[in-house]
Amino acid sequence: MADEMKNTLEIKGLTIQYVTGDEVVHAVTGVNITIPVGKTLGLVGETGAGKTTTALSILNLVPDPPGKIISGEIFLEGEDVLKMNDKRLREIRGNMVAMVFQDPMTSLNPIKTVGEQIAEGIKIHRKVDDKASLEQAKSMLELVGIPGGRAGEYPHQFSGGMKQRVVIAIALACSPDLLIADEPTTALDVTIQAQVLKLINELREQSRMSMLMITHDLGIVAEVCDTVAIMYAGRIVEYGTLEDIFDHLRHPYTKGLFDSLPDIGNRRAELKPIRGLIPDPVNLPPGCAFHPRCDYAKPECSQQLPAIKRISDMHYVQCHLYADTDMSML
Ligand code: SF4
């Protein structure tokens with residue numbers, strides 16, 4: 001495991017497009033992200049904002065074609081993923097970096113026992129024999145709260161929450177430095193969601209692993225994240241510590257996300273969904289892509305892309321409301 005002061009992940013100026021015929025989908029534009037060792041960053045936004053494309057790029061898994069990494073660098077423990085050869089990429093996938101997706105059934109093989117599936121990665125990356133890897137698979141099952149004796153069962157013999165625990169066991173089997181969790185609890189019912197989230201968090205703390213939590217759910221962010229990146233139409237429009245985003249938010253889109261949350265303490269409060277729809281990434285609005293939906297839009301918003309402004313130590317926002325002289329809060 002890397003030294004405490006280092007970053008597990010550093011993404012710099014990442015731009016990814018999907019090109020089909022004459023159409024160019026602007027999936028990710030100029031994204032910068034840093035995750036220090038042992039910390040969790042929440043990547044938040046609506047479906048289609050570019051969150052999953054960003055995640056796939058970390059393992060160099062953006063399908064090419066039609067995906068094209070136009071520019072940027074992705075450093076994992078200081079090594080540029082985009083310059084790795086296929087052998088090195090195979091070594092890091094599932095070993096240095098592991099992913100947990102939304103639907104456990106897309107990650108599990110229905111015709112292999114869960115024990116075999118957990119043991120597979122251990123065998124490849126740890127170079128141990130069948131017997132030793134199966135023993136380790138059983139301990140991983142125990143770690144995620146499933147009796148090791150169930151290692152010989154198949155995925156269909158487990159409930160949805162248990163299947164996601166199995167997926168987490170597979171992901172953590174080789175003690176990755178970085179766990180990418182892409183909406184890991186969205187497919188589960190609410191009580192199971194809380195259990196799975198607690199489990200991920202506990203295991204992360206024990207192993208001092210770093211995590212990229214991709215979600216549209218600010219409740220999950222509040223529970224597990226140290227820093228937050230708010231993504232809209234392929235760009236990170238606000239970035240800061242949990243406190244910056246929850247107590248001192250600046251961007252109108254971030255405000256819209258919070259206003260559209262149900263207020264548990266006040267059941268009669270009206271939900272205010274953000275008006276309009278996320279724009280077509282083939283035809284992004286000029287200037288600030290949020291301007292057609294923004295209650296604070298000024299004339300320049302539809303003409304000019306706002307610069308990224310630093311509000312405080314780690315707090316950044318990309319919005320015309322924050323010219324150097326105007327730092328008032330929404
Ligand atoms: Fe709204 Fe303008 Fe800020 Fe975009 S730049 S979020 S349109 S105020």
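Author: Strand β3 (residues 40-44) pairs with β8 in the parallel sense, over five bridges. The model is predicted.

Reader: What makes β3 and β8 a pair?

Author: Two strands pair if there are at least two bridges between them. β3 and β8 have five bridges. So they count as paired. In one of them, Thr-40 has Met-211 of β8 as its bridge partner.

Reader: How do you know that β7 pairs with β6 and with β8?

Author: The cut-off is at least two bridges. β6 (residues 97-100) and β7 share four, in the parallel sense. Met-99 is partnered there by Ile-180 of β7. Five bridges join β7 to β8 (residues 210-215), also parallel. Ala-181 stands opposite Met-213 in β8.

Reader: Why is β7 called mostly covered?

Author: Buried means under 20% relative accessible area. Five of the five residues of β7 (residues 178-182) are buried. Leu-178, Ile-180 and Asp-182 point one way, and Leu-179 and Ala-181 the other way. In a regular strand the side chains alternate between the two faces of the sheet.

Reader: Why is the unit of β7, α7 and β8 called right-handed?

Author: The test has the strands pointing away from the viewer; a clockwise path over the helix is right-handed. The unit of β7, helix α7 (residues 190-207) and β8 is right-handed, so its path runs clockwise in that view.

Reader: What makes β6 and β11 edge strands?

Author: The open sheet has eight strands in the order β6-β7-β8-β3-β9-β10-β12-β11, with mixed pairing. β6 and β11 (308-312) each have a single partner strand, so one side of each lacks a neighbour in the sheet. The twist averages 20 degrees from one strand to the next.

Notes: Residues are numbered from 1 along each chain as its sequence is written. This is a predicted model: local features need pLDDT of at least 70, side-chain atom pairs count only at pLDDT 80 or more; totals for chains, interfaces and linings use all residues. Side-chain values use heavy atoms; hydrogens and water are left out. Buried means under 20% relative accessible area, exposed over 50%, partly exposed in between (1.4 Å probe, protein chains only). Helices (H or I, at least four residues) and strands (E, at least two) are DSSP runs, numbered from the N terminus. Axes are lines fitted to C-alpha atoms, for helices over the stretch in contact, and angles run from 0 to 180 degrees between N-to-C directions.
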